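Subject: Structure handover

Hello,

Here is the structure for your files. My notes on it follow below.

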Amino acid sequence: MKVAGHQYREEQQQREERQRRILQEYIFNLEQAQDKAEELARAHENLKISQDLLLTVVNCTIQGLCLLRNRTFIWCNNAFSDMVGWEQEELIGKTTRIVYPNDEEYERMGEIVYRNVNQEGLIIYEYDFVHKDGNQIPCLVTGSPLDKNDLSKGLVFSITDFSERKQAQETLKKTLTELEKRTGELEISNIHLNREIEDRKAAEKKLSEYRDHLEELVKERTAEISSINAQLRQEIIERGNAEEALRKSQNKFRALFELAPEALFLKTLTGKVLECNLAAEKMTGYSKAELQKKAAWDIMPKETARKFLKIMKNNGGGLKAEFTRKNGEAFPIQASIKSIELDEEKIILVVVHDLTTQEKIENELLKGQKLESLGILAGGIAHDFNNIMTTVIGNLSLLKMYPNLSQELLVILEEMENACFGAKDLTQQLLTFAKGGMPVKKTVPLAGLIQDSAQFALRGSNVSCEFDLPEDICPVEVDEGQINQVINNLIINAGQAMPEGGTVFIKADNIKINKRQALPLTPGKYMKLTIKDQGVGIRKGHLGKIFDPYFTTKQKGSGLGLSTAYSIIKKHDGHIEVDSEMGVGTSFQIYLPASGKKPGKIDKRQQTPLKGQGKILLMDDQESIRAVMDKMLRQLGYDVTLSRDGAEAIEIYQKALTHGEPFDVVIMDLTIPGGMGGKEAIGRFKQIDPEVKALAFSGYSNDPLIAKYAKFGFVGVITKPFRVTQLSKTLYEVITQRKLPQSK
């Protein structure tokens with residue numbers, strides 16, 4: 001028994017030892033895997049940085065670059081797009097036929113290019129491509145394959161526009177031809193002159209030999225001399241004309257040099273300035289006399305100066321660097337350096353292009369691309385979010401329609417519904433600025449909206465509001481949601497400027513703007529809204545930037561609040577401005593055009609949905625929305641038919657017409673991914689039935705169609721999410737063609 005127990009303990013210890021080794025090996029392998037994962041993550045980040053850097057460099061070059069696959073544009077940079085006059089979006093996916101004059105040239109050059117690339121792996125040639133406007137562009141083209149063994153992967157081409165150089169060559173060629181012609185004429189004149197001199201000497205000899213025949217000889221020679229003198233006078237005139245033409249040519253080239261838009265320098269091989277034009281003086285801030293006394297490193301960093309001198313000694317090249325103006329300001333330039341001969345002396349021609357404006361444009365373009373990306377993201381999120389909220393709010397509305405609900409439960413459901421609509425408003429803040437949605441305006445009295453927005457924005461804070469809103473304030477025609485967003489942003493900023501608490505003063509006035517007032521507004525009546533805080537104020541250096549996108553002095557700020565407010569007020573044909581004093585506070589003034597229309601009356605009694613009857617055709621790709629809408633419409637008393645996309649809806653509608661059972665209203669979602677949406681389907685519906693009553697139904701609240709639905713053929717619009725009272729009111733008005741008072 002003791003031997004068996006001892007053997008059991010040994011086997012138990014061996015099993016534990018094997019398990020410990022397996023666990024150690026597992027931990028070691030896990031650590032190795034973590035290290036490899038971190039290494040792969042770093043490599044991926046470095047690859048992304050390299051790709052971004054390469055794309056930036058390629059788009060900054062002045063050389064046209066493009067990638068072709070099967071003679072189809074896959075990619076091109078900005079320089080190539082500008083060169084041929086087509087936008088990048090127009091080129092991508094198109095064949096290169098778009099830049100050739102005709103099909104024959106397109107086929108001929110294709111055979112030449114691909115034959116040379118197959119044989120040599122590279123092709124360099126000159127060709128006159130066709131600009132979008134029809135003009136020809138002389139270009140130098142260099143092409144090579146991505147993979148020499150598989151041309152189907154694509155060819156990369158570098159294109160240089162040398163229109164100006166070709167024109168200059170033609171002008172120089174004509175000038176040289178004219179000079180050669182004039183030189184030949186002068187040589188012929190000299191030959192004639194020499195011959196005449198020899199003839200004259202012979203005549204004088206004959207005169208001495210034939211003195212007896214003096215009278216006859218004098219007459220003959222006089223006639224000959226007169227003729228010769230006439231020829232000499234003509235030659236002298238022609239020689240003078242040639243010299244005058246040469247002088248004018250020199251003056252012409254001097255004027256071209258002086259008035260050239262680019263900065264031009266003529267330098268010695270050591271970098272000393274011999275000549276410069278007016279553009280060079282303007283660009284650097286130095287006069288010509290000052291530049292002629294400067295060394296190369298006086299107007300550029302020493303390292304750049306060394307590169308300049310090296311390129312000059314190597315007979316030329318290009319360089320992108322920085323120059324320094326007389327006032328010490330550094331600015332980016334691109335220089336082209338070329339060795340030339342002038343009066344049998346070797347000098348350097350430097351052409352300098354100031355890149356300051358170009359860089360500003362590129363920065364603005366990048367900023368615009370950021371906003372565009374933000375808008376695409378915001379639009380997608382808002383659409384999906386509004387679709388989800390439509391299902392949630394629709395089911396809440398159905399619950400509220402159940403009979404015998406307690407008042408307490410109705411209040412809870414109402415609060416839930418209001419909270420959902422508050423969440424919907426959050427998506428609108430980023431969406432309005434990024435996508436630039438047009439406001440859906442209606443005439444409203446602004447006092448109630450101002451009070452509700454301000455009190456909501458300051459709820460739970462230690463900041464109070466003081467209102468001065470006269471009863472006779474002019475109504476304005478606005479998008480309530482967007483103006484609510486403006487007031488929210490300004491009130492939140494005011495509250496954040498007073499962390500210790502304080503009061504926000506809100507005042508409204510009726511004013512009249514005339515031409516004498518320094519405001520960018522059309523003369524007329526306006527409602528002026530002033531929002532003033534007692535905060536720390538805004539520095540003068542920041543006042544001119546506060547409406548710029550992404551500008552913020554807050555650590556957690558996005559920099560979009562005031563930009564959004566500015567964008568919204570502009571779209572309402574209004575104006576917003578700011579005054580601030582450090583330690584005193586900040587005041588924003590908003591000007592909105594007064595409306596001549598009377599605001600709609602609020603019918604507070606209409607809190608319950610309106611029952612109706614009729615046939616409704618509903619089209620939406622979301623099954624959850626179709627389900628909840630089906631229940632809501634049936635609760636309201638309507639017969640409902642559902643469809644998933646425009647094509648199915650058109651087929652159902654046409655069959656109903658054929659059987660004499662037409663639909664009273666068609667409700668169509670504007671956008672159907674992968675199918676026909678309402679935007680496309682409405683045209684087909686109008687062809688089938690010009691009297692069709694179609695409602696636009698969309699989660700894209702900033703779609704331009706929402707603001708101008710009638711222009712597209714719709715009779716009304718329902719934006720997701722919505723209240724059942726709004727849905728019932730819209731259907732009632734469309735079917736009965738009777739306008740109801742505005743419901744609150």
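Which residues in H16 meet which residues in H20? Met-629, Met-632 and Leu-633 of H16 meet Val-724, Leu-727 and Leu-731 of H20, where contact means heavy atoms within 4.5 Å.

Before the rest, the ground rules. This is a predicted model, in which local features need pLDDT of at least 70 and side-chain atom pairs count only at pLDDT 80 or more, while totals for chains, interfaces and linings use all residues. Residues are numbered from 1 along each chain as its sequence is written, and side-chain values use heavy atoms, with hydrogens and water left out.

Helix pair

H16 covers residues 623-635 and H20 covers residues 724-736; helices (H or I, at least four residues) and strands (E, at least two) are DSSP runs numbered from the N terminus. The axes of H16 and H20 come within 11 Å and cross at roughly 60 degrees. Axes are lines fitted to C-alpha atoms, for helices over the stretch in contact, and angles run from 0 to 180 degrees between N-to-C directions. The H16-H20 crossing is right-handed, that is, the near helix is turned clockwise from the far one by less than a right angle.

Antiparallel sheet

An open sheet is formed by 5 strands in the order E2-E1-E5-E4-E3, with antiparallel pairing; two strands pair if DSSP finds at least two bridges between them. Its edge strands, E2 (72-76) and E3 (123-130), each pair on one side only. On average, neighbouring strands of this sheet are turned by 35 degrees against each other, direction ignored. E3 is joined to E4 (residues 136-145) by 8 bridges, and Ile-124 stands opposite Thr-142 in E4. Helix H4 (residues 103-120) packs on the sheet and touches E3, E4 and E5 (155-161). The direction of H4 makes about 165 degrees with that of E3.

Other strand pairs

E12 (residues 463-468) and E14 (residues 502-513) pair in the parallel sense over 6 bridges, with Val-463 opposite Gly-502. E14 also runs antiparallel to E15 (residues 524-532), over 9 bridges; there Phe-505 stands opposite Lys-532.

Cysteines

The whole structure was searched for disulfides (pairs of cysteine sulfur atoms within 2.5 Å), and 0 were found. The sulfur of Cys-66 has its closest cysteine sulfur in Cys-76, 7.1 Å away, which is too far for a bond. Cys-66 counts as buried at 4% relative accessibility, and Cys-76 counts as buried at 2%. Buried means under 20% relative accessible area, exposed over 50%, and partly exposed in between (1.4 Å probe, protein chains only).

Regards
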